[in-house]
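Trainee: Could you walk me through this structure? I would like to begin with the sheet and then turn to the aromatic rings.
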Amino acid sequence: MGCMFSHLAAKFAFFPPSPPTYHLTKNPDGIISAVSSASTSASSTFPAAGDSSLDVKVVKTRRGNKVTAFYLRNPNARLTLLYSHGNAADLGQLFDLFVQLKVNLRVNLMGYDYSGYGASTGKPSEYDTYADIEAVYECLQTDYGVGQEDLILYGQSVGSGPTLHLASKLPRLRGVVLHSGILSGLRVLCHVKFKFCCDIYSNVNKIKKVKCPVLVIHGTDDDVVNWLHGNRLWKMAKEPYEPLWIKGGGHCNLEINPDYIRHLYRFIQDMENTTTKSRLKKIWQEIRKRDESKRCCSSGLCRPKCTRCPKPSCSCGCGCGQCGCCKCSCPSFQGCFFCCKKPSCVGCCCCPKLKCSSCFGKPKCPKCSCWKCLKCPKMSECCRRSCCCAGCFRWLCCCGGGRRKEGERRGTSTVAKNEG
């Protein structure tokens, strides 16, 4: 049933130009070239066969279709743009735009036609477009040596579907551009907040899995895909880039706005200047910020008890009543020793294996003043007699620990001074 609904949705989502605006030819050397169709008024002028500025590729997908791809080479490029076009265009109509983007943005550009578009075989569907972009990305890797670290995915309108599908699977991708993107196919037709089985391109869920900067471009007067789609995609992105809201822009005329190429060029430059080291540093900063917001220590010692002691109640004046569990510095237990020295400090220990009753907490014996034992400069019988219970810190003075050692050190230093 779900498959039938998907085919039904595909009929409303895909409108390939008929007839195609170009066709492919092959010379005796086996080199494939593109030629504008004579029966159409397409203004695109493809370079002659053998021109190194354009490579025409035919790539086979895992679903058995053969898709056509254009690779436009820029000798000064550092990054590559993988362009997924809208639902009513093919490569013949977009070739002039590709040339402008290649020159103005200083990038290599790979554009492709979905199954059933242009010279590509098969019929268009959601899952065919997923297979199409995966095959083209594999071609970029094998034939041109383009890794995901040097790749920016660009999706226009319906092209945002395959773009986010691939972006959600590439953790080291350099960047993503969503041009008039959609939340999902059904949300374009009606404003719903839940998913149906017949819905296609669930970008509202996949945008959360993208781990690279996301630039959103949308027109405020778009009557095909409402501006709210782009606004929500931008807000849901993990690493949103400054968006471009073109005032008065529609669905198919954003490229003619001068802000379009300027903002896109700035995004490309920022992505070029972003190194792996700086990205990792930013990720670690976000992780530390998230852990601090949850009030958990950097090590795993404090986490089991952090929910029970968000703010320790300490009246000893050590200031731990405002520090919170995440600042106890529990590695090496330094926080507990520095925070809970006096018996009046109750409940400020956040270590899971140590409780205040055994970690310098309040003495259990109300009769004996155990803290007097700590003032004894050396072990004596009065200390042992004054301690009437085993859990009353007797080991601090009677076993050679705590203040006794400090007293010995003071005594030693005094003797040293006198001898001096």
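This is a predicted model: local features need pLDDT of at least 70, side-chain atom pairs count only at pLDDT 80 or more; totals for chains, interfaces and linings use all residues.

Trainee: How many strands form the open sheet, and in what order?
Mentor: The open sheet is made of 8 strands in the order β3-β4-β6-β5-β7-β8-β9-β10, and the pairing is mixed. Strands β3 and β10 stand at the edges with a single partner strand each, so one side of each is left without a neighbour in the sheet.

Trainee: And in which sense do β5 and β7 pair?
Mentor: Strand β5 (residues 80-84) pairs with strand β7 (residues 151-156) in the parallel sense over 5 bridges, and tyrosine 83 has tyrosine 154 in β7 as its bridge partner.

Trainee: Which strands does helix α3 touch?
Mentor: Helix α3 (residues 126-144) packs on the sheet and touches β3, β4, β5, β6 and β7, while its direction makes about 125° with that of β3.

Trainee: Changing topic, how many aromatic pairs are there?
Mentor: The count comes to 16 aromatic pairs. In one of them, the rings of tyrosine 112 and tyrosine 114 have their centres 5.4 Å apart and their planes at 80°, so this pair is edge-to-face.

Trainee: Is tyrosine 112 buried or exposed?
Mentor: Tyrosine 112 is buried, with a relative accessible area of 0%, and tyrosine 114 is also buried, at 1%.

Trainee: What about tyrosine 241 and phenylalanine 267, how are their rings placed?
Mentor: Their ring centres lie 4.9 Å apart with the planes at 75°, so that pair is edge-to-face. The pair links distant parts of the chain, with tyrosine 241 in the loop between α7 and β10 and phenylalanine 267 in helix α8, 26 residues apart.

Notes
Residues are numbered from 1 along each chain as its sequence is written. Side-chain values use heavy atoms; hydrogens and water are left out. Rings of Phe, Tyr and Trp (its six-membered ring) pair if their centres lie within 6.5 Å; planes under 30 degrees apart count as stacked, over 60 as edge-to-face and the rest as tilted. Buried means under 20% relative accessible area, exposed over 50%, partly exposed in between (1.4 Å probe, protein chains only). Helices (H or I, at least four residues) and strands (E, at least two) are DSSP runs, numbered from the N terminus. Two strands pair if DSSP finds at least two bridges between them. Contact means heavy atoms within 4.5 Å. Axes are lines fitted to C-alpha atoms, for helices over the stretch in contact, and angles run from 0 to 180 degrees between N-to-C directions.
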